[in-house]
Amino acid sequence: MTRHLLAIHDLNTDRLRGLIDEGSRYADQAPTDDTRDQLRGETVAQLFYEPSTRTRCSFELAARRLGADVLNLDLDTASTTKGETVIDTVRTLAAMGVRFFVMRHGDADTVAAVADALPDACHLLNAGAGTSQHPTQALLDMLTLHRAGYNFNALDIGIVGDIAHSRVASSTITALQRLGVPRIRLGGPPAFLPDTAPEGATLCHKLADAVAGADVVMTLRIQRERMPAELAGDVAAYHREWGLTDARIDELAPAARIMHPGPVNRGVEIDDGLADGDRSLILDQVSNGVPARMAALAWLHRGDD
Ligand code: CP
C-alpha cells in the first residue's frame, strides 16, 4: 500500500491515469454527501516551511471538500522557533490524532525523513520539496491538459525557463513521460538547463527550437531563491531571449495553449497579454489544483494501490 505521496514516481501509469480521472470527476461535480464524507473525522495538518498561495490554499479547500478538519501550523509562532525539530513537530501533531500531513520544505531530505518518522497510520503529501519534486503540481498539470482535450499520446509540449532549479519541471516531465507524451522539449539558457536531458526529453538552446509548432508551451519562473544571485542573470536579457509574448507565440506556435505553474513574474518569463489572454490555461491550472488534491487525499485515505 502506498502510504505517502512524495514524488510523482510513487504513481505508476495506471494510478496516475486513475487520479486524473478521479480529479476530473471532482471538477465536474457539485460536492455530494458521499464526497464530503470521505475524510470526515480526519485532520489534515499543513506545514509550509516555504511560502505558498496556490498549493496551501487548494490543499485546504480540497481537504474541507472531503469533510476533513484542517490545521494550518503558523511556523512563525510554532515551537520550532524554540528549537523543536520538524520530526518532533509532526510526531506531536500525530499524537493529537492528525493522520494527514501536507508539507513544503526547502530540503527534500527533511521531507523524506519526516515520511520515515511518521507513525504507520499517517500519510505525508509533499507540497514541494527543494528542487526535487512537487507531485501534486504535476497531477494538476496533467488534469489541466486532460480537461483541455489533449491526447497525451500525441502531445507536443515545450517547457521553457528555469528547468534546472524547478521541482515543478522534474515532476511534470516524469508525469508526461509516464503518460506517453512523444515530444517534450526543454528550453532555457545554459544555467537553467540540466546537464543531460531527462529520458524522453530534448534540450533546446533557442526559444524557437523549444516551442516551434508546439501544442502547449509551459513557462517557468526563475527560481532566484534556489541559486546564487549571479546565476539568475539579467532579467531584461532573459526576457528578450526567453520571455513569452503574444507576438512570439503567434510567430512560433500559433495554436499553442500556455501554461505556468505560478507564481508568475509578469514581464520576465511572460507578458500580461499572453498570461491573461484566451490561450492561457494558467487559471485552469489553479482551478484544477483543488480537484487534483482531492483525488490525492482520497486515494491515500482509501489505501488502495
Ligand atoms: N505552483 C505553486 O506551487 O504555487 P505556490 O508556491 O503559490 O503554492
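Student: How many bridges join E8 to E9?

Tutor: Please keep in mind throughout that this is a predicted model. The two strands E8 and E9 run parallel, and one of the pairs between them sets Met 218 against its bridge partner in E9, Met 259. The number of bridges that join E8 to E9 is 3.

Student: In what order do the strands of the open sheet of 5 strands with parallel pairing stand?

Tutor: Strand E7 (201-204) and strand E9 (257-259) stand at the edges, and because each has a single partner strand, one side of each is left without a neighbour in the sheet. From one strand to the next the twist averages 20°. Reading across this open sheet, the order is E7-E6-E5-E8-E9.

Student: Which residue of E8 is the bridge partner of Val 160?

Tutor: Strand E5 (residues 156-160) pairs with strand E8 (residues 216-219) in the parallel sense, over 4 bridges. Within that pairing Ile 157 stands opposite Val 216, while Val 160 has as its bridge partner in E8 the residue Thr 219.

Student: And which residue in E6 does Val 160 stand opposite?

Tutor: E5 is also joined to strand E6 (residues 183-187), again running parallel, and here 5 bridges are found. In E6 the residue that Val 160 stands opposite is Gly 187.

Student: How many of the 5 residues of E5 are buried?

Tutor: In a regular strand the side chains alternate between the two faces of the sheet. For E5, Asp 156, Gly 158 and Val 160 lie on one side and Ile 157 and Ile 159 on the other, and both faces are covered. The strand is accordingly described as mostly covered, and the count of its buried residues is 5 of 5.

Student: Which residues of E8 point the other way from Val 216 and Met 218?

Tutor: Val 216 and Met 218 point one way from E8, and the residues on both sides of this strand are buried. Those that point the other way are Val 217 and Thr 219.

Student: Turning to the open sheet of 4 strands, which strands stand at its edges, each with a single partner strand?

Tutor: The order in this sheet is E2-E1-E3-E4, with parallel pairing, and neighbouring strands are turned by 15° against each other on average, direction ignored. Having a single partner strand each, the edge strands have one side left without a neighbour in the sheet, and they are strand E2 (69-72) and strand E4 (123-129).

Student: Which residue in E2 does Ala 45 stand opposite?

Tutor: Strand E1 (residues 43-48) is joined to E2 by 4 bridges, and the two run parallel. One of the pairs sets Val 44 against its bridge partner Val 70, and in E2 the residue that Ala 45 stands opposite is Leu 71.

Student: Why is E1 described as largely enclosed by the rest of the structure?

Tutor: Both faces of E1 are covered, with Thr 43, Ala 45 and Leu 47 on one side and Val 44, Gln 46 and Phe 48 on the other. E1 is described as largely enclosed because the number of its residues that are buried is 6 of 6.

Student: Is H3 oblique or roughly perpendicular to H13?

Tutor: Two packed helices are described by the angle between their axes and the distance between the axes. Helix H3 (residues 54-65) and helix H13 (residues 282-302) pack at an angle of about 55°, with axes 8 Å apart. Roughly perpendicular would require 65 to 115 degrees, so the angle makes H3, relative to H13, oblique.

Student: How many nonpolar residues are in the contact of H3 with H13?

Tutor: The crossing of H3 and H13 is right-handed, and residues making the contact include Phe 59 and Leu 61 of H3 and Val 290 and Met 294 of H13. Alongside 3 polar and 3 charged residues, the number of nonpolar residues in this contact is 8.

Student: Is H1 oblique or roughly perpendicular to H6?

Tutor: Helix H1 (residues 13-28) and helix H6 (residues 135-147) have their axes 9 Å apart and pack at an angle of about 70°. Angles of 65 to 115 degrees share one class, so H1 is, relative to H6, roughly perpendicular.

How values were computed. Residues numbered from 1 in each chain as written. Predicted model: local features only at pLDDT ≥ 70, side-chain atom pairs only at ≥ 80, totals over all residues. Heavy atoms only, no water. Axes fitted to C-alpha atoms, helices over the stretch in contact; angles between N-to-C directions. Parallel < 35°, antiparallel > 145°, perpendicular 65-115°, else oblique. Left-handed = near helix turned anticlockwise from the far one by under 90°. Contact = heavy atoms within 4.5 Å. Nonpolar A, V, L, I, M, F, W, Y, C, P; charged D, E, K, R; others polar. Pairing = 2+ DSSP bridges. Buried < 20%, exposed > 50% of the residue type's maximum accessible area, 1.4 Å probe, protein only.
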